[in-house]
Amino acid sequence: ASSLAYIVFKMKYSGLTSIALLPLSCAFRTMISMSTEPVATRRDFVATALAASSLAVSLSAYSEPVRQKNQGQWQYGKSPEPAQSVEQNKSTETIKSAEPAKIVEPAKQKEQLIAQASVPPKKNMPTATEDVASVCKTTDTWLREVTSGTPDAPKKVTALYAPDAVLWGTVSQQVRDTPEEILAYFNSFATKPNLEVSGYKPIIRVYDDIAVNSGYYTFSWDLNDMNERLTKKARYSFVYQRDPEDPYKWWIVDHHSSGLPNAPKDLKPAN
């Protein structure tokens with residue numbers, strides 16, 4: 001009875017083929033033909049047949065290759081996976097089709113955070129009128145210092161320029177793009193005897209953190225002890241950049257100054 005129960009259990013949960021039942025079928029047919037044999041003989045035969053059938057069932061369970069169940073694969077020694085609902089299948093497909101999330105490297109993320117933190121929020125920014133006034137004030141400071149005649153005038157003028165500023169001086173034949181070269185220029189120009197400036201006419205425009213001041217000025221200074229003076233009419237262009245820590249302060253980043261050329265006779269003057 002126990003052997004028969006084992007066979008039925010294997011048949012139900014192992015998905016066996018009919019070939020596994022062949023020994024059992026043959027045993028019962030033979031047992032019917034042995035109805036005239038002694039009881040002991042028939043009992044021994046039935047026990048042998050059940051044992052053979054049980055062995056066939058076990059072999060069949062582990063020799064069956066791969067079968068399909070619930071549209072999934074069931075291989076040796078593995079239990080069948082539970083069937084998924086339509087909603088679960090859709091959810092799985094959505095996850096598979098979704099693009100993988102972009103992972104930012106820690107070092108790069110740190111650089112981005114530092115860059116964002118280094119840009120101060122623009123609060124309490126000056127009005128357009130205040131911007132023009134502060135740019136004009138910076139230029140007035142330059143004019144005042146360059147003609148002050150004090151021993152530290154060259155350093156004070158140079159301090160108005162940004163570290164990467166470029167200068168085309170009024171009386172220079174070379175462009176200067178380092179603080180040392182700019183200081184060397186004003187060591188010569190700002191120490192001219194009785195240096196004065198006149199005819200200052202500015203045109204100021206402000207573009208957010210950049211400002212431009214273009215116009216005219218005229219320099220004059222003593223040539224010798226005979227009170228002979230040299231007058232130099234010049235045109236200029238200042239380019240300023242706003243200080244990131246002080247919105248009312250401007251640095252000179254580019255300065256071009258040169259003598260006025262002789263205009264051709266057919267060129268009409270501007271208003």
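Author: What follows covers a sheet, the helices against it and some salt bridges, all in a predicted model.

Reader: Start with the sheet. What order do the six strands come in?
Author: The order is E4-E3-E8-E7-E6-E5, in an open sheet with mixed pairing.

Reader: Which strands stand at the edges?
Author: Strand E4 (175-176) and strand E5 (196-207) do. Each has a single partner strand, so one side of each has no neighbour in the sheet.

Reader: How do E5 and E6 pair, parallel or antiparallel?
Author: Antiparallel, over ten bridges, with E6 spanning residues 210-222. As one example, Pro 202 has Gly 215 in E6 as its bridge partner.

Reader: Ok, helices. What does H6 touch?
Author: Helix H6 (residues 128-146) packs on the sheet and touches strand E3 (161-168), E5, E6, strand E7 (229-242) and strand E8 (250-259). The direction of H6 makes about 150° with that of E5.

Reader: And where does H8 lie?
Author: Helix H8 (residues 179-189) lies across E3, E4 and E6. Its angle to E3 is about 55°.

Reader: Changing topic. How many salt bridges does a search of the whole structure find?
Author: Five. One of them joins the side chains of Asp 131 and Arg 242, at 3.0 Å from N to O.

Reader: Where do those two sit in the chain?
Author: Asp 131 is in helix H6 and Arg 242 is in strand E7, so this pair links distant parts of the chain, 111 residues apart.

Reader: Are they buried or exposed?
Author: Both Asp 131 and Arg 242 are buried. For Arg 242 the relative accessible area is 8%, and the cut-off for buried is under 20%.

Reader: What else does Arg 242 form a salt bridge with?
Author: Asp 209, with the closest N and O atoms 2.8 Å apart. Asp 209 is in the loop between E5 and E6 and Arg 242 is in strand E7, so the pair ties together parts 33 residues apart in sequence. Asp 209 is partly exposed, with a relative accessible area of 26%.

Reader: Which residues are linked in a network, then?
Author: Asp 131, Asp 209 and Arg 242 are linked in a network of salt bridges.

Reader: What about Lys 156 and Asp 152?
Author: Their side chains also meet in a salt bridge, at 3.5 Å from N to O. Lys 156 is partly exposed at 40% relative accessible area, and Asp 152 is partly exposed at 32%.

Notes
Residues numbered from 1 in each chain as written. Predicted model: local features only at pLDDT ≥ 70, side-chain atom pairs only at ≥ 80, totals over all residues. Heavy atoms only, no water. Pairing = 2+ DSSP bridges. Helix = DSSP H or I, 4+ residues; strand = E, 2+ residues; numbered from the N terminus. Contact = heavy atoms within 4.5 Å. Axes fitted to C-alpha atoms, helices over the stretch in contact; angles between N-to-C directions. Salt bridge = Lys/Arg side-chain N within 4 Å of Asp/Glu carboxyl O. Buried < 20%, exposed > 50% of the residue type's maximum accessible area, 1.4 Å probe, protein only.
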